[in-house]
Every structure is written in C-alpha cells, then in structure tokens.
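Reader: I would like to learn how to read the features of a structure like this one. Could you take me through it step by step?

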Amino acid sequence: MEVTDANLQLLAGYLQQTLSADPNVRRPAEKLLESTELQQNYPVLLLNLIDKAQMDMTIRVAGAIAFKNYVKRNWAAHEDSNEPDRIHESDRNNIKTLIVTLMLHSPLALQKQLSDAVSIIGKHDFPKKWPQLIDEMVERFASGDFNVINGVLQTAHSLFKRYRYEFKSQNLWEEIKFVLERMAKPLTDLLQATMQLTKVHENNPEALKVIYGSLVLVNKVFFSLNSQDLPEFFEDNMNTWMGAFVQQLAVDVPALRTDDDEDAGVLEHLRTQVCENICLYARKYDEEFKPFMEQFVTAVWELLVKTSLQTKYDALVSHALQFLSVVAERPHYKNIFENPEILARICDKVVIPNLDIRPSDEEIFEDSPEEYIRRDIEGSDIDTRRRAACDLVKTLSVNFEQKIFGIFGQYLEILLAKYKENPAANWRSKDTAIYLVTSWASRGGTEKHGITQTSALVPLPEFCAQQIIPELERPNVNEIPILKAAAIKYVMVFRNVLGPQILATCMPHLIRHLPAESIVVHSYAACSVEKVLTMRDASNAIVFGPQVLAPHANDLISGLFATLALPGSAENEYVMKAIMRSFHVLQSASMPFMGVALPRLTEILTLVSKNPSRPHFNHYLFETLALSVKIVCQADASAVSSFEEVLFPVFQGILQQDIIEFMPYVFQMLSVLLEVREGSGPIPEPYWALFPCLLAPALWDRSGNVKPLIRLICAFIKQGSAQILALGKINGVFGVFQKMNASKANDHEGFYLMQHMLTYFSPTDLDACMRQVFQLIFQRLSLSKTAKYITGIIVFFSFFVIKFNGSKLVQLVDELQPGMFGMLLERIFITEMSKVIKELDRKVVAVGVTKLLTETPEMFQPQYAGYWPRLLQALIDLFERPPEKLAGIEVAGENTDDGDGGYQVAFAQLTHAQPKIQDHLADIPDARKYLASAISKFSQSRVGELPTLIAPLDQEYKQMLQKYCDQAGVPVA
C-alpha cells in the first residue's frame, strides 16, 4: 500500500463511514480497514492522513483513534505466538521516527490519541528497543514552547504512569533507573523555570493557564517516578520540590478562577496533584518527609477550611482529606490530633460539612442515577468528599476511639433531633447521621461480605431497629428517595453484623421497594436482596435458603421482572443479578416461575442483542439463562428441546450479525445445551449446520472466543466423532489444534482438544495426522518453550501412551529424529515431571509413565534402559513431593457456585455454565496402587529383570516402591 493522495482519499472515505450511525455502513467499513491494516505502509498512511491539516478534523481524529487501536492490537501480538510479526519492520521504524514529532505539533484532540499510542509502543519497546525516545523528549524541554513541552509531559505521564501500579522486578528497576538518569534533573530544572515563569507572566491569563497546566503535568510525572521507591536525586532535592508544593497549595491566581461550579480549573487540578504527591510521601517515605509534615498539615488544613462545597473542588478536598487520614494513622503524629479541641474542630469544620449531601449530589441522584450508584456503592467514589470524609472518620475512630465517640455521639444526637423536629424538611440531617454511623462504626470488611468488623462502642442492630427499619416501614416507597436509599444501603453494608433475625424483618421491606420510581432506590433494593441471598453461615450453608425464601418468592420474582419494565431500568444489572441469585437459591422451587420468566428473558436477549451496551447486565442475563437450563433440565432432560426451539433463532441472529460481545456467551450456552443432550441420541441437525462455521479461522482470532469454542468442539467430538469423520472435518479440527499450539496464551487449550481427540476417535482415525501433530509440538518446543507448554507436553504424551501405547510414542518421536525419545525422557519427563500441578493431570502422568515403565518393550532395550530407574525415581518424586508452582501456570481451584465472576473483557466464564471436570481415568482411583500392581505384573512376566532395573535406585526410593506394593497387597518378585 503506497502513500499516495489517492490512497489517502480512499482511507479518509472509509474512516468517514466508520463514524456512521447506520451499522450497515459502519460495520463493512470497520471490517475492510481491519483486513487492510496488515498491509505494509498502512500505519504510515494513517500517520500521513492525521498530519494533513487540510483534512476534516473529525476524520483526522477517527484516524488517530484507528492508529491507536492498530498499535494496541498488533504491536506486541507476535510476542504471544509463533506467528510472524503483523507489523513490517520498516513500518515499526517509520512509526518510531515520525510519531513524537507528529504528536507534538498536532492539535490537542489528536495529541491525546497519539500520546496513548506512544505509551503503548513504549510499554513494549522502551527503553531497550527505543532508547532514543527519552532523549528526544527531554530535548523538547528546551524549546520554550509550552504547547510542545506539555505534549512531551503528557507523553511522559502516559509512559511512566504504569510505574504506579506495576509489581517490583529487576527489569522495572532498570527501566526506572534509565529514566531517572535522563529525566530527573531536566524535570526539576523545568519545575524551577516554570515556577519562575508564573511570576514573569502574572498579568497574562492565557500564558498562565498553559504554564500552570505544565506544572500539573510535571507533578503527575513526579508522582509516577516516585511511586516505586524514593529516588536518590529527588531525596537530594526535596527542599526544591517541597518548597514548590507549599507555594502551589497557597497560590491564588484570580485570573485562573472559573465561574463553572462543576468542572475543576487548572488551579484545582494543580492542588489536587500536590495533595496526591505529599500523600504518597507521607505514606511511603515517612522518615524523609518528617521535616515537612507539620508545614503541610497546616497548609492542607487552611486549604480545606477556605474551600467551598462546589463540585469542582471535590477531587481536591478528597485528596486533602486523604492526606490528613494518612498523617492521623502515624503514631508519631498523634500529638497533632490528640487535643479534643482540635478533634472537635476537624469534625465541625471538615468532617460534617463533607458528609452532608449537597444540591449537586441530589442532582446526580435524580438525573444520573447510575453515576450516583457507581460512586455510592461500587467504590468508584474514591475521589468524592463523602468517601474521603468517611475514611478520615474511620482513621480517627480507630486511633482516638473514646474521644471520637464522645464528639460524634453529640453530633449524632443533634442530627437525629433535628430530623425528628421536621422529617420532611430536615431529612438531610438523618442522611448525614446514617453516613456518620456507617463510617464511624466500620473497622473492616470486603465487597463480598460487606462490613464484618465494627466498633464495640456503636450498637448497630439497635440503630437499625430504631432508625433504619422505621424508614423502610413507611408505606410510601417513593417518599424522600435519598433517605430510602441510605436506609437500604445501611442494611446492605452491615448485613453480616445485623444477624438473620433483623435481615428476615428487612427482607419483605426490601422486596416492597423494588417498584419504587427512583432508579437508585429500586437498584439498591435489588442489590441488597442479592447480597443478603449470598450470605452463608459458619457451616457454609446459605442463610436464606429455599425454605426461608419460598414465602417471599412470588413477590420477589414478579417484583424483579416488573422493575425491568420501569423507565431507565430495562437493562438494570442489579435487578438481573438479583433474578439470577433468586433462581440460584430457590433451585427447583423456581420452576413455577419459569413459564413466565423464560419467554421474558428470551425477549430481553433479543432486544439487547441489537445493541449490546451494558456488559454486566448482559453477563447476568446469560448467567440466568444458563441457570434456568440447568434447573429445568435437571428435573426433565427432554426439556432441552424447548430451550433449543426458543434460543436457537436468537443465537443464529447473534452469530450471523457477528455480535462480538455475545459470541463467547452463545458458544457457552450451546455447549450447555449439547452437554445436557449427552446420552439421549444423536446430535440434532441444527447443531451440525453450525459445526463447519465453528472451524472458520476468523472466529479463532478473537481471544474471547477461544475457550468457549474449544469446549463446544469437544462436546461435538464427545457425542459425534463419527459424524465429524463423515463430514470430512477432522482435518479442520486438527487445524484448530495447530493454531492453539502456536499461541503461548492458548496452547493448553490445544492439548485439551487433543485429549478429546485421543479419547473419542479410534487410533486408525488419527493415524494420518499424528505425525504432523508431533512435528508441530517439537517445532514449538524448539522455538519457544514455556513452563506451561512443557507441562502440557508431559500430560499429553502420557495420555497418548494410555490411549495408544508406549511403543507408538517411541516410534513417532524417533521417526522425527533417531534417538529423540531419549532426549524427551532426559530433558522433559525426568527433569520437569514434578512441575505438573493439577491433580487429574498428575494422575494421567503417573499412569502414562507407569505404562512406559512396565508395558513398553523399547524401555528395556539397551538404547533406553538407562533411563528406566531415573524415570521411576521421577515418578516417585511426583507422588511424594508437592508440585512445584510455576509462574504462568494457573491452578484450578474449586469453583464456587455463586456466579459472582462478573464481566471480563477477553472472556467471561458463566459460573452457571461451568464445564464438568472430566476424569478420563475414573477407573483408576489410586495411581500409587496402579504403579505397584503394574510393577508386580511386570516382575512376574519378565522374571529376573526388575532387580537389575531398580538396582541404581537410591535406597529411599526402593523403600517407597516396596511400601506401595505392600499397601496394594501385591508381591514383587
């Protein structure tokens, strides 16, 4: 693809079409660009288009986004597989040559996208493959053009912000050291020069806006570079930086004040970042920061007292309060807070005002209920005043419990008395009181269990009985909705503290609030019901089981489905999750509701598949459908045909229209339906009509499809291997293995597929392909072996020995290269066998290796006999030593049946559609006894050979072998 004007115009046309609201125009354009992007010069053409000033800005922005996504998809794709690099080497070099300059002279809308692209490239290439990047950026500090400098700083921020959260490693330390050597001094010089320029340009508002914007970015980069450890340079220059931070907290530039009440201006952003920086130092570098601490406590306190309640100051106040919380946690600063007068002032001037609900919060409650919910119960309120004030209250309550109890006790009485005077007018006082009690009493908890540790001084059940339940008992569910929401949230948060009796009292009231008009109230009611239904007692039994829930079941199920019909809640994730949880608890007791529920669920699926926009709602919808299939078909397996009749048309529509978000779910659901059919006759024709499509390479390019597709194909193999042969599709299935084998991320899925092939096809069916399979395995082993791949090979070859025989394994391996079987034993089996982790895999290896030792004639011939005792010793180690855990190998834990997995971007496993774990060797309960019996038979059939073979074994291994034989009750000749 040449960089020509004609191609630029063509590309612009397609980018224009990707902006169309009509999916019939948009999707073909997206697909065409996706199919074109691997051609040489495509990314360079995109960069040229982005650089064309005469091009329409919307197209240039679309081009910048397309470029960023191209980099995200392709830059490191080859690192995960043996496939060739998707980006030509010349394109890589051209991109790195062009992108920084292009980004720095581009308008802001383009600069952000290009900066993100630099960050993605930098994550993989910087510093080893792109060492010049940092020098190129630092050089621009000297340009004097703050638009350019800000572009550099923005890129530095994008590039370095991962230092804030990455795990410590040698590579990370080396990279940070590389950056600090080149960036720390220029950044400090830039800070000082920029602080000086704020005075030079104090009468130029436009210049000040840009200059203070630079200071914000300088502070962000400072935070990233200091996140892992305190660099020596910054420790030596603490006076410079801390002095600047004090000035930045105190500075007031009238020209930069904004009239906007909601959006923070540059000064608010600057002070917020300063508070983040000093919070980091107070938390991590306490000793070094100590000389500056009191100065900053005073500065932050003064800032808080004079900052008003407008929304634009929320992030600033939040981080300032967090700083005070961090300081209050430190024992050696207790003297600052111990004075009761100071504590009272903090409560009066800082805590209570920031706990109060404000008009802006009420607006969000009414106009943006989802945003309110996210902030209030999902934990995304980390930067809200209320959360920060709550955290400060918790910190003070823990460290000064008795004093705080007295102070807050007085405030609580005042607030509740004020509410009692006139509930309709003073409901906000009670809302604050509930928040105060929640933060004051909480000592610890989890998202799953709510608050589990509380202050002994605060009688929570009593407060619930006196102040919360009366609110829930009010007959009008639409009265004072914010207070209703606060009361429901109290029950939800303290569910594990209140006890079953109080919760049983609350349950009908929670159900009664499902039809409330307020989206927040009925969402909280659904969420509370769902969380209460997950509670388990000390014996791990569900607290509200089917017997307890049954009397409420009709009101609950009908109420939840009715809530989905309320305005704004057609795709309410809390409601759908509560439906799923109710079915899960009720199990067979939910059957009477299925007649109404299933058509409604199918109707909802049909609607949302037209435009999937709520991933969590969609996830719980599919969870509910999978659970419904499970419950109904457990009672009557033949009901599966009714589900197929209703769901197949919807699934076909999703697959035909290529609804990417839903495809992994559809494959899981098809697997569930097919697995339910197992043993009830041949697979119906509609499934076979779909089978060839499942082998299409395009489907396998999407990582989210891989796991569910492998499972679905395995279900076909298990029930219809003869039909796969008849259709001539066995080579297509081997093609899937080839693709999986090439991927470091998915090679284990390839081995899982091959296990099913070996189990359900006869050796003659597979003979023609097995040589190629072995070639692919050894080729991958030589090119890019990983710990996970080696354990996969050991399990697969062991399984192969069980299903075929050991001689066939020796033959196929030695056909590739004479004597290679010895290398396989030496370098793979003997040295790596103990690293197989999963219990069933270890059993497969044990049985396969036992068959190699006792049933494979080649193992007794001179060429390989020397490996025999060492292989047996490795097998005994497998039995007696715990598995060696390796990075990159996941151990499958026990699946909980709660369906809380939620949505994940790449692949979302439906908890209620979990595949059954199949034990291919169920008839061998104890692998040690199996070894003992096999050794005994061997010693009897080949008299006199065993003593010679085991002679080199260490004495402890001979004793272990004898112990196995004694336990199995078999003799060893």
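Predicted model: local features only at pLDDT ≥ 70, side-chain atom pairs only at ≥ 80, totals over all residues.

Reader: Is Cys769 buried or exposed?

Author: Buried means under 20% relative accessible area, exposed means over 50%, and partly exposed is in between, with a 1.4 Å probe and protein chains only. Cys769 has 9% relative accessibility, so it counts as buried. Cys965 is buried too, at 0%.

Reader: How many salt bridges does a search of the whole structure find?

Author: A salt bridge is a side-chain nitrogen of Lys or Arg within 4 Å of a carboxyl oxygen of Asp or Glu. The search finds 45 of them. One joins Asp125 to Lys96, with 2.9 Å between the closest N and O atoms. This pair links distant parts of the chain, 29 residues apart: Asp125 is in helix H6 (residues 108–125) and Lys96 in helix H5 (residues 89–105). Both Asp125 and Lys96 are buried. As for the labels, helices (H or I, at least four residues) and strands (E, at least two) are DSSP runs, numbered from the N terminus.

Reader: Which residue meets Arg162 in a salt bridge?

Author: That is Glu166, at 3.2 Å from N to O. Arg162 is buried, with a relative accessible area of 8%, whereas Glu166 is partly exposed at 26%. Salt bridges can also form a network, as with Asp135, Lys177, Glu181 and Arg182.

Reader: And where are Arg702 and Asp658, the two ends of another pair?

Author: Their side chains meet in a salt bridge of 2.8 Å, N to O. Arg702 sits in the loop between helix H35 (697–700) and helix H36 (703–727), and Asp658 in the loop between helix H32 (640–656) and helix H33 (663–676), 44 residues away in the chain. Arg702 is partly exposed, with a relative accessible area of 24%, while Asp658 is buried at 17%. The backbone of Asp658 deserves a look as well: its phi is near 55 degrees, a positive value in a residue other than glycine.

Reader: At what angle do the axes of helix H12 and helix H14 cross?

Author: Axes are lines fitted to C-alpha atoms, for helices over the stretch in contact, and angles run from 0 to 180 degrees between N-to-C directions. The axes of H12 (residues 238–250) and H14 (residues 286–306) come within 10 Å and cross at roughly 10 degrees. That makes H12 roughly parallel to H14; angles under 35 degrees count as roughly parallel, over 145 as roughly antiparallel, 65 to 115 as roughly perpendicular and the rest as oblique.

Reader: Which residues does Phe751 contact, leaving aside neighbours within four places in sequence?

Author: Contact means heavy atoms within 4.5 Å. On that basis Phe751 is in contact with Phe737, Ile777, Tyr789, Gly792, Ile793 and Phe796. Phe751 belongs to helix H38 (residues 747–760) and counts as buried at 6% relative accessibility. Ile793 is 42 residues from Phe751 in sequence, yet their C-alpha atoms are 7.9 Å apart in space.

Note on methods. Residues numbered from 1 in each chain as written. Heavy atoms only, no water.
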